[in-house]
Amino acid sequence: MENTALQNLIYLLAAVAFIVGLKGLTHPRKAVRGNMISSIGMLLAVIVTLWVTHIVSWQFLLAACLVGGGIGAFLAYIVPMTSMPEMVGLFNGFGGGASTLVAGAALAIAADKASGFTGAITADLLGLTLPNVIATAASGLIGSITFFGSMVAVVKLQEKVKYFKWFGKKVWFSDSICIPGRQVINSLLALAAIALAVMVVMHPTHMAYYWWLVGISALLGVMITIPIGGADMPVVIALLNSYSGLAGCATGFVINNTVLIIAGSLVGASGLILTSIMCKAMNRSLANVMFATMGPTSSTASADDVYAGKVKSTSADEIAMLFDGAQKVVVVPGYGMAVSQAQHAVRDLGNLLEGQGIEVSYGIHPVAGRMPGHMNVLLAEADIPYEKLKEMDEINSELEQTDVVIVIGANDVVNPVARTDPQSPIAGMPIIDVDKARTVVVIKRSLSPGFAGIPNPLFAQDNTLMFFNDGKKAFVELIAAVKEAA
């Protein structure tokens with residue numbers, strides 16, 4: 001790549017745009033602007049890489065931008081907010097796949113030019129130096145794991161494949177899938193991938209080693225991701241996001257592209273930080289998420305023991321009566337709100353209650369939904385003010401003084417056994433302490449368990465009322481009941 005002053009200047013501007021944009025993403029109010037700044041930085045980087053360095057003509061560059069931008073705009077328009085986790089997974093996967101292909105193409109070009117030549121000087125000139133080849137192997141390994149792992153995550157999130165047969169037994173694809181000998185298989189695949197990476201470094205002109213590395217890494221990516229259930233999907237998405245950044249960074253070293261190294265480093269580091277935050281929010285280590293299975297144990301109480309004769313169902317009219325003497329109401333959303341697309345109805349009820357002088361706020365758990373920030377995105381889409389979205393620690397300090405908490409579609413993140421039962425699969429997981437409020441209204445279609453697969457004693461507490469209904473329909477009925485009672 002030609003090193004020109006103009007190229008380096010634009011790369012510097014792009015890098016500054018990435019950093020400023022990433023800073024903007026730390027607060028919902030500035031997130032849209034931050035995303036736009038980062039996008040402009042990437043556009044600058046693409047233009048200078050392809051045009052100033054004379055890789056393609058401006059006509060091809062313009063056509064590529066129009067096609068790619070058109071596809072992106074179309075997907076952004078048609079994809080519902082409930083499917084945003086899948087979109088993020090696709091972005092992660094495409095980033096890893098692109099890194100793998102670019103690094104492989106660079107190695108193939110260098111290997112082709114080097115055929116028939118020997119000597120360190122030729123290797124240096126052709127880009128087959130030890131650092132470059134190590135970066136190529138790293139890009140192929142990480143990028144392939146990222147792409148195929150992300151594709152498995154997307155299929156799990158979409159739930160298009162409901163189940164498959166495993167030795168005659170029906171296995172639900174979106175659940176945690178137990179594969180006999182999985183750790184041994186993964187260890188062997190990891191050792192094989194490392195061995196092939198070493199062979200790529202030792203024999204960079206033999207392209208077969210690189211594509212074998214990509215293939216084995218693909219199997220490893222599938223095997224790592226396929227056993228992981230929906231409860232851990234926010235962590236997996238954050239981790240795959242980090243992988244895609246690391247793969248991009250390695251590819252930057254391969255093709256000597258400064259801005260790709262910077263962008264990949266930022267994505268990789270931020271993804272790892274986010275993964276750590278998600279693990280802490282679940283009180284689980286990354287190793288536990290990747291290699292353990294969350295689910296009921298022999299000591300877990302059955303649903304009959306927890307719920308029998310204790311669950312009290314309610315109606316919209318009865319809940320409306322609760323609001324008559326209420327001063328403070330908190331809404332705690334979960335994935336059920338996303339599935340039913342109830343965020344706008346949630347906003348409408350909140351506005352109606354505030355019009356009656358009731359204080360309304362929204363408690364957000366870090367891993368509610370299927371990706372980090374899922375609930376924040378949905379509520380922001382409904383134009384709920386950011387100041388009313390309160391993180392777990394902040395809302396927990398207010399719940400004892402809260403008159404009514406409405407839980408819509410959340411389960412494990414409000415399950416009190418995380419505090420009370422050290423043998424529970426979710427023991428020690430920080431939760432939103434909705435059970436401490438004066439009255440709790442839980443909106444669910446049934447008493448089915450959450451992703452952890454365990455019953456929730458919150459549903460049978462004396463201060464809990466169950467409103468069995470679809471999330472959006474329930475809030476529409478609540479709005480009508482509150483208006484009628486006014």
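These are my notebook entries on a predicted model, sorted by topic.

**Entry 1: the nonpolar cores**

I began with the largest nonpolar core, which has 37 residues. I asked which of its residues touch the most other members. They are Phe323 and Val329. Helix 19, residues 471-485, gives this core its largest share, 6 residues.

Next I looked up the contacts of Val329, leaving out residues up to four places away in sequence. Val329 touches Phe323, Leu353, Ile358, Glu359, Val360, Ser361, Thr402, Val404 and Ile406.

I then turned to strand 4, residues 359-364. How many of its 6 residues are buried? The count is 5, and I recorded the strand as mostly covered.

Strand 4 pairs with strand 3 in the parallel sense, over 4 bridges. Within this pairing I found Val330 opposite Ser361 of strand 4. Strand 4 also pairs with strand 5, again in the parallel sense, over 3 bridges. Here Tyr362 has Leu389 in strand 5 as its bridge partner.

What unit do strand 4, helix 16 and strand 5 make? They make a right-handed β-α-β unit. In helix 16 I listed the buried residues as His374, Met375, Asn376, Leu378 and Leu379.

**Entry 2: two positive phi angles**

Helix 16 is followed by Asp383, which has a positive phi. The angle is about 65°, although Asp383 is not a glycine. Asp383 sits in the loop between helix 16 (374-381) and strand 5 (389-391). Is Asp383 buried or exposed? Its relative accessible area is 61%, so Asp383 counts as exposed, the cut-off being over 50%.

Gln341 is another non-glycine residue with a positive phi, in this case about 55°. I found Gln341 in the loop between helix 14 (335-340) and helix 15 (343-355). Gln341 has 29% relative accessibility and is therefore partly exposed.

**Entry 3: salt bridges**

How many salt bridges does a search of the whole structure find? It finds 9. I looked up three of them.

Lys328 and Glu398 form one, with their closest N and O atoms 3.0 Å apart. Both Lys328 and Glu398 are buried. This pair links distant parts of the chain, as the two residues are 70 residues apart. Lys328 belongs to strand 3 (residues 328-333), while Glu398 lies in the loop between helix 17 (392-396) and strand 6 (404-408).

Arg347 and Asp348 form another, at 3.1 Å from N to O. Arg347 is partly exposed at 21% relative accessibility, and Asp348 is partly exposed at 35%.

Lys436 and Asp433 also meet in a salt bridge, at 3.8 Å from N to O. Asp433 is buried, with a relative accessible area of 10%. Lys436, at 36%, is partly exposed. Turning to shared partners, I found one network of salt bridges that joins Lys328, Glu359, Lys390 and Glu398.

**Entry 4: aromatic pairs**

Last, I checked the aromatic rings and found 2 pairs in the structure. Phe147 and Phe148 make an edge-to-face pair, 5.0 Å from centre to centre with 85° between the planes. Phe147 is partly exposed at 24% relative accessibility, and Phe148 is partly exposed at 32%.

Why is the pair of Tyr210 and Trp211 edge-to-face? The ring planes stand at 80°, so the pair is edge-to-face, the cut-off being over 60 degrees. The ring centres of Tyr210 and Trp211 are 4.9 Å apart. Tyr210 is buried at 0% relative accessibility, whereas Trp211 is partly exposed at 40%.

Notes:
Residues are numbered from 1 along each chain as its sequence is written. This is a predicted model: local features need pLDDT of at least 70, side-chain atom pairs count only at pLDDT 80 or more; totals for chains, interfaces and linings use all residues. Side-chain values use heavy atoms; hydrogens and water are left out. A nonpolar core is a set of buried Ala, Val, Leu, Ile, Met, Phe, Trp, Tyr and Cys residues joined through side-chain atoms within 4.5 Å. Buried means under 20% relative accessible area, exposed over 50%, partly exposed in between (1.4 Å probe, protein chains only). Contact means heavy atoms within 4.5 Å. A salt bridge is a side-chain nitrogen of Lys or Arg within 4 Å of a carboxyl oxygen of Asp or Glu. Two strands pair if DSSP finds at least two bridges between them. A crossover is right-handed if, with the strands pointing away from the viewer, the path from the first strand over the helix to the second runs clockwise. Rings of Phe, Tyr and Trp (its six-membered ring) pair if their centres lie within 6.5 Å; planes under 30 degrees apart count as stacked, over 60 as edge-to-face and the rest as tilted.
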